[in-house]
Amino acid sequence: DENTLIISDPDYANDSCKSGAGAVFIYKKGTGTGWNIAQTIRYPNQSSVKFGNSLALYKNMLVVSAPLEDSGNYSDAGALYVYSRKDPQSPFVLLKK
């Protein structure tokens with residue numbers, strides 16, 4: 001929708017100072033001409049997964065990539081995180097990894 005702006009920073013250091021963990025920032029258009037931060041989605045675990053390297057938004061579904069995430073015995077296998085929201089005013093919640 002025209003009132004949502006989504007920006008990612010795959011090099012963002014999360015709260016544990018894990019460089020390159022990544023984050024996604026969701027902004028909502030304010031009453032004036034500005035934009036206000038509405039939600040931040042941070043990658044909580046290992047560093048250097050580049051969470052937010054790619055984004056896709058379709059209606060109320062958001063897909064976020066973490067191309068360097070490890071999976072089982074596979075290093076840097078990558079992962080996709082699918083988020084959904086009820087409507088444009090609701091926050092995104094993790095639906096599936």
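Aromatic rings of Phe, Tyr and Trp count as a pair here if their centres lie within 6.5 Å, and planes over 60 degrees apart make the pair edge-to-face. I am working on a predicted model, and with that criterion I searched the whole structure, which gave 4 aromatic pairs.

I looked up Tyr-12 and Phe-25 and found the ring centres 5.5 Å apart with the planes at 80 degrees, so I noted the pair as edge-to-face. Tyr-12 sits in the loop between strand E1 (4-9) and strand E2 (23-29), while Phe-25 belongs to strand E2, so this contact ties together parts that are 13 residues apart in sequence. I also checked the accessibility of Phe-25, which at 17% relative accessibility counts as buried.

I then turned to Tyr-43 and Tyr-81, an edge-to-face pair with 6.1 Å from centre to centre and 85 degrees between the planes. This pair links distant parts of the chain, 38 residues apart, with Tyr-43 in the loop between strand E3 (35-42) and strand E4 (55-58) and Tyr-81 in strand E6 (residues 79-84). I recorded Tyr-43 as buried at a relative accessible area of 3%, and Tyr-81 as buried at 8%. Together with Phe-51, these two tyrosines form one aromatic cluster.

Next I traced the sheet that contains E6, an open sheet of 4 strands in the order E4-E5-E6-E7 with antiparallel pairing. E4 and strand E7 (93-96) stand at the edges with a single partner strand each, so one side of each is left without a neighbour in the sheet. Neighbouring strands of this sheet are turned by 30 degrees against each other on average, direction ignored. Between E4 and strand E5 (residues 61-66), which run antiparallel, I noted 4 bridges, and Tyr-58 has Met-61 in E5 as its bridge partner.

Definitions and conventions:
Residues numbered from 1 in each chain as written. Predicted model: local features only at pLDDT ≥ 70, side-chain atom pairs only at ≥ 80, totals over all residues. Heavy atoms only, no water. Phe/Tyr/Trp six-rings, centres within 6.5 Å; stacked < 30°, edge-to-face > 60°. Helix = DSSP H or I, 4+ residues; strand = E, 2+ residues; numbered from the N terminus. Buried < 20%, exposed > 50% of the residue type's maximum accessible area, 1.4 Å probe, protein only. Pairing = 2+ DSSP bridges. Axes fitted to C-alpha atoms, helices over the stretch in contact; angles between N-to-C directions.
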